[in-house]
Amino acid sequence: MLKLCDVKDASQSVWLVAPKVTIGRGSQCDLTLTDASVAKLHAEILVDGEELELRNLAGNGQISVNGKLIDGSCRLHRNDRVQLGERNLAVVDPKITRLKAAGTNANVSWALRANHPAIVGRVFPVRERSVVGRSDECDLTFAMSHLSRRHARLEVREGLLFVVDLGSANGTFLNNQRITESRVRRGDELRFDSLSFSVVGPADDIDKTTVRQAVPLPEAARQSAALAQAIDRARTRSTTSVPPHSEFPPVSSLGSSDVTGVRGYVWIWICTLLAAAAAGGYFWAQSQGMI
């Protein structure tokens with residue numbers, strides 16, 4: 001996932017997430033630039049996976065990409081420089097940005113992506129300390145009656161994000177668990193009462209491969225394996241106990257009672273195999289949760 005940042009002020013930034021990101025001077029924009037040279041709704045970036053398309057929405061408002069004026073729309077790529085009025089922005093890769101920040105002790109960038117229907121998809125950057133609440137004095141203000149005036153505080157400590165509940169009436173929840181203070185990771189659901197956000201930010205270790213623990217074999221599967229082994233041993237014993245073919249008298253020389261005995265033996269063996277197969281199938285279906 002790429003990010004659009006102000007070259008001179010890294011706190012002025014926005015994650016480039018689908019379906020689009022709006023840029024301008026207006027407070028309703030995803031990236032608000034308080035600059036007289038920027039229109040209220042200056043531009044938008046359409047996001048489709050890794051493909052970005054910049055659109056000029058300001059009419060005569062000046063937009064240039066890598067020094068080339070853009071009147072309509074154009075494609076954007078990583079490391080492109082975008083100028084809106086007098087503001088210079090850059091498209092950056094957050095993984096590379098995170099590595100560079102670690103070397104210079106700069107803050108790692110975090111953001112909240114709204115899940116609430118009223119503001120779904122909007123992305124709110126998190127600074128080193130950001131207070132969330134209903135009051136206009138908060139860094140992230142949401143005019144919703146169920147929020148406390150100062151509901152919670154987000155803190156970036158050495159690149160890691162933490163949330164602290166400020167004694168809110170309706171609570172702060174991390175992955176549906178009410179908390180007073182907790183570390184927050186990328187992909188977590190952070191909820192202030194019913195106002196839900198998805199956390200956007202760097203992984204704990206982008207280069208580390210997560211090793212999953214071995215899944216224990218279910219008891220039913222072990223029983224099925226044991227039954228299969230028992231059947232194999234029974235087959236081995238029956239094979240060794242049967243005399244060679246040449247020792248059997250010709251079928252034509254057997255009496256009716258002998259033929260009946262042979263047929264009974266065959267049917268017993270077939271029924272045994274069918275029962276073993278049925279038992280194995282039952283245990284397998286039980287281990288797969290089908291029964």
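Which residue lies over the face of Phe173? Here are some notes to read alongside the structure, starting with that one.

1. Arg191 is the residue over the face of Phe173, at 4.3 Å from the ring centre. Arg157 likewise lies over the face of Phe162, at 4.3 Å from the ring centre. A charge sits over a ring here if NZ of Lys or CZ of Arg is within 6 Å of the ring centre and within 35 degrees of the ring normal.

2. A word on the source: this is a predicted model, in which local features need pLDDT of at least 70 and side-chain atom pairs count only at pLDDT 80 or more, while totals for chains, interfaces and linings use all residues. Residues are numbered from 1 along each chain as its sequence is written, and side-chain values use heavy atoms, with hydrogens and water left out.

3. Now to the aromatic rings. Phe124 lies in strand β13 (residues 123–126) and Phe197 in strand β22, so the pair ties together parts that are 73 residues apart in sequence. Strands are DSSP runs of E, at least two residues long, numbered from the N terminus.

4. Ser198 has its place in strand β22 (residues 195–200). Leaving out residues up to four places away in sequence, Ser198 touches Ala111, Leu112, Arg113, Asn115 and Asp188, where contact means heavy atoms within 4.5 Å.

5. Finally, an open sheet is formed by five strands in the order β4-β3-β5-β6-β9, with mixed pairing. β4 (31–32) and β9 (73–76) stand at the edges, each with a single partner strand, so one side of each is left without a neighbour in the sheet. Strand β6 (residues 51–56) and β9 run antiparallel and are joined by four bridges; two strands pair if DSSP finds at least two bridges between them. Leu54 stands opposite Cys74 in β9.
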